[in-house]
Amino acid sequence: AGPFSPGVQSGSGPLFISGQVGQDPATGALVDGDVTVQAHQALRNLTVVLEAAGKSLDDVVRIGVYLTDMGDFAAMNEVYREHLSAPYPARTAIAVAALPLGAVVEFDAIAS
């Protein structure tokens, strides 16, 4: 969807992961569904980037959450709890006007 890397790490420093939406890696299309469906797929996509760098969600120290509707915050949190565990990473949640592919949620992250 643009000229960027899914993740960048310099030496043994932190891994910076670009925003991940609920894009189906097989088709390149956004998965069909609400914030819950899209959040599950976006976090699976984030996990794939982490695993390619030899890391997991347990290595994430910060996550940014971008929502087109803050009314979806509680539903996103439920999905988030299914994928991440305590102690949770530091996190921000930001309302945005729009996201790539018409997504309703996007996650970016930093892993140690």
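Guide: Two strands are said to pair when DSSP finds at least two bridges between them. In this predicted model, strand S3 (residues 60-67) and strand S5 are joined by seven bridges and run antiparallel.

Visitor: Which residue of S5 does Ile63 stand opposite?

Guide: Ile63 faces Ala109 in S5, and this gives you a place to start when you follow the pairing by eye.

Visitor: How many bridges join strand S2 to S5, and which way do the two run?

Guide: Strand S2 (residues 15-20) is joined to S5 by four bridges, and these two strands run antiparallel; here Phe16 is the residue that stands opposite Ile110 in S5.

Visitor: How many residues of strand S5 are buried?

Guide: A residue counts as buried when its relative accessible area is under 20%. By that cut-off six of the seven residues of S5 (residues 105-111) are buried, so that the strand is mostly covered, while across the 112 residues of the protein chain the buried share is 37%.

Visitor: In what order do the elements of the protein chain run?

Guide: The protein chain has two helices and five strands, and from the N terminus on they follow the order β-β-α-β-α-β-β. Its radius of gyration is 13 Å, close to the 13 Å that the globule rule gives for 112 residues, so the protein chain is as compact as a globular protein of that length.

Visitor: What share of the contacts joins residues at least 24 apart?

Guide: Among contacts in the protein chain between residues at least 6 apart in sequence, that share is 70%.

Key. Residues numbered from 1 in each chain as written. Predicted model: local features only at pLDDT ≥ 70, side-chain atom pairs only at ≥ 80, totals over all residues. Heavy atoms only, no water. Rg over C-alpha atoms; globule rule 2.2 N^0.38 Å. Buried < 20%, exposed > 50% of the residue type's maximum accessible area, 1.4 Å probe, protein only. Contact = heavy atoms within 4.5 Å.
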